[in-house]
Each structure stands twice: as C-alpha cells, then as structure tokens.
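Hi there,

Here is the structure I promised to pass on. My notes follow below it, and I hope they are handy when you open the file.

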Amino acid sequence: MNSPSRVISFVNAGHFIDHYSMLIFAAAVIIMGPALGMAYSELLPYATPGFVAFGAGSLLTGWLGDRWSRRHMMLIFFVGIGASMISVGLVQTPAQLGAALLAIGIFASIYHPVGTAMIVSYADRLGREMGINGVWGNLGVASSALVTGVIGQYLGWRFAFIVPGVVTILIGIAFAMLVVHEDRKGAKQAAAQARVAKQDMWRVVLSLLIVVIAISTTFNAVTVALPKLFAERLADLTRSPALLGVIAACVYVFGAMTQYTIGRLLDRYSLKTVALPLSFMLAPFLYLAASLNNLPLILVSIGIVMGAFGQVTVNDAMVGKYTSEEWRSRAYAVRYFIGFTAAGASVGLVAWLYEQGGFVTMLHAFAGLCLLAIAAAIILPREIRTPQAV
C-alpha cells in the first residue's frame, strides 16, 4: 500500500511545479526579447496556445485519470512537463518556442483534475490537505518570477527553463519508484464525509457553477491588476518597483495562510457553515478598495486576497465532498475547465473596465460580480452527516 503522506507530498510538489512552469515565460520574456531579436509584444502571444491548452486539456486528462490511471497520469505529468521546460531552453525559432510552450500547457493540464482527485483519495482530513495543497500552488506562483529572474541574470534565460525541467524529471523518477501502484480509497474517506438529499443535488451543482465563474474571474483579475493598482495608489509610500513587489508578495502570503485556515475549518464544520460567512468578504472589500490609497488600500487588499484564496479552497472541497470516487477526476476537470475559461476572459475584462473608468470602475464591477458568491453560498443545501466509513 502507498503511504498517504508520501503520495500527498508528491501531489503537493506537482501543484508547485504546475503553477511555476506556467509562469516562467512571463518572467523570462523580458530578457528573451533582446536575445532573440524580438520585441516583448511580439514574443508574448506565443504563450497563448499553452494557456488555452492548460484549461481545455483538463477535460481529456480528467477523463483519462478516471478511466485509466491517476498514478500513470501524474508520472506523465512530471516527465512531460519537465521535458517541455527543457525543450523551451533549447528552441532556436519562434515556431519552436510556440510548440514548446504549448507542450508545457498540455502537460500542465493534467495536474488539477488528476492531482486534486488524488488528494481527496488519500486525505484523512480533506480540508487540511486541500489547504496545504493550495499553499504549495501559491508558492509556485510567488517563486516563479523570483527564481527565473535570478537564474536568468546569472546563467541566461535558457537555463531558467532547463534547470527546473531537470529537477522536475528527477522528481518524476522518484515518484515512479516510490508510488508503485494505484490505490484509491476516497470512497471510504473524504467523499463519505458529506451527503445531501438527492433532490437537493441540483442546488450543489448550481452553487458550484455560480461560485466558480464568479471567483475564478475575480481571482485572476485581482492577480493581474494588483501590481498596477499598487503602482498607482501607493505612490505616497514608495515608487520602488522592488518594494512594490515585496508588498504584493506579503499580501499574497495572507492568501496562502487563509487557504490553510479555511481547510482546517472545513474539517470541523459543514461546507455551508464555512462558505456563507466567507462569501461576504469579497464584495465590500473590493468596493472599498476603489476609493483607497496607501496603507488603507494595503489592508483592504489583504481582505480581498484572503476572501478570494479562501473561496478557491471551498470550491475544491465542494467537488471532493460531493462526488463519487469513480467520477472525481472528471468532476474536477469540468470545474477547472470552467474556472480557467472564466479566468482567461478576465484579463480582457480588466483592460476594458480600466479603459472605461480606471480602477474605480473595475473594482466596483468585480464587487458586483462577487455578490453572486453570496447567492451561491445561500443556495448550497445543508449536509446530511453520515458516519465515517472504516
């Protein structure tokens, strides 16, 4: 039998790698342009197919995880995404670059539907493990730009892809040696912790659909807009890009801590009990942020990030608690496909709203969107608790 803690450790490492790999190019493109003789605006579009594949591919990879093997899919993830990162470091033409970045997106699409389902299968305390897993993903987001910048400065942009690619393949080899077979027991664990009346399942589905669209759009919009918002509104405190980056990173730390805390609460209380008060955080904080500057803006931004990151943990736990083991990867595939599609649309929405009325209009609009999260939490039915299976 596989050690649950060992499997979960590898899955957490996969979450870090997944988000890290998708953001290397965003940081490296600044120094890639001069090296390749191309402008920033010419290079950036080559990342688009990879980001499309990151979301769309989850439908197929989730289906394969359920029908074939999650363990084998995770092995393909580690080796495939590692090899794809190395291939980016070896490209010679723009066409090769686009193909290599597309490969990263395809292999990255494996993680969320398959890895999250594995967490549910092996977790004794679902909420706690979901929270910790979210922290690992956030660490991947936060460290990608920093590590890529350091490696790029001292070794060149190619090694910024090659080094993490080699490390990822080594992790994949360790995974193959230490997680040797498929072992699904989620039907006895997390999935058995919560049930709702059969006639109320439509409320679960509707609630999840509403909150995923609202929160995924807002979450991505906030992460895209926050650096620019701070640059405009914290001018009285600092104009240093480095210090602004440190402030943004510190704000995100509160988001990671919230995911862990919300996860622990989900182990002690019903999903609705946790989701309902959490749903009231985002709308008022976003509305307030529209008119604030300096330290008050930083404090309110912490509230926004805590609300958004906490909702992500609730969304993942909702799928884990209410889906059967044999359908779980596919359920997560649909959840992430919808979420990533909505998140992709948010970038253009942020740009359009900013043109219409700056950050005041943008933040007010997303505050209105987040009222849907309150509606989703109200719709969610009460759980019928059943004894834990042994």
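Predicted model: local features only at pLDDT ≥ 70, side-chain atom pairs only at ≥ 80, totals over all residues.

A polar contact here is a pair of N or O atoms within 3.5 Å; within protein, one must be able to donate a hydrogen and the other to accept it, and residues adjacent in sequence count only if both atoms are side-chain atoms. Between domain 1 and domain 2, four residue pairs are in polar contact (both at pLDDT 80 or more).

Residues are numbered from 1 along each chain as its sequence is written, and side-chain values use heavy atoms, with hydrogens and water left out.

The domain assignment (automatic or from a database) gives domain 1 as 1–183 and domain 2 as 191–389. Their contact (heavy atoms within 4.5 Å) takes 29 residues from domain 1 and 26 residues from domain 2. About 2,300 Å² is buried between domain 1 and domain 2, with 64% of that area from carbon and sulfur atoms; buried area is the accessible area (1.4 Å probe) that two parts lose on being put together, summed over both.

The centres of domain 1 and domain 2, taken over C-alpha atoms, are 23 Å apart.

Best wishes
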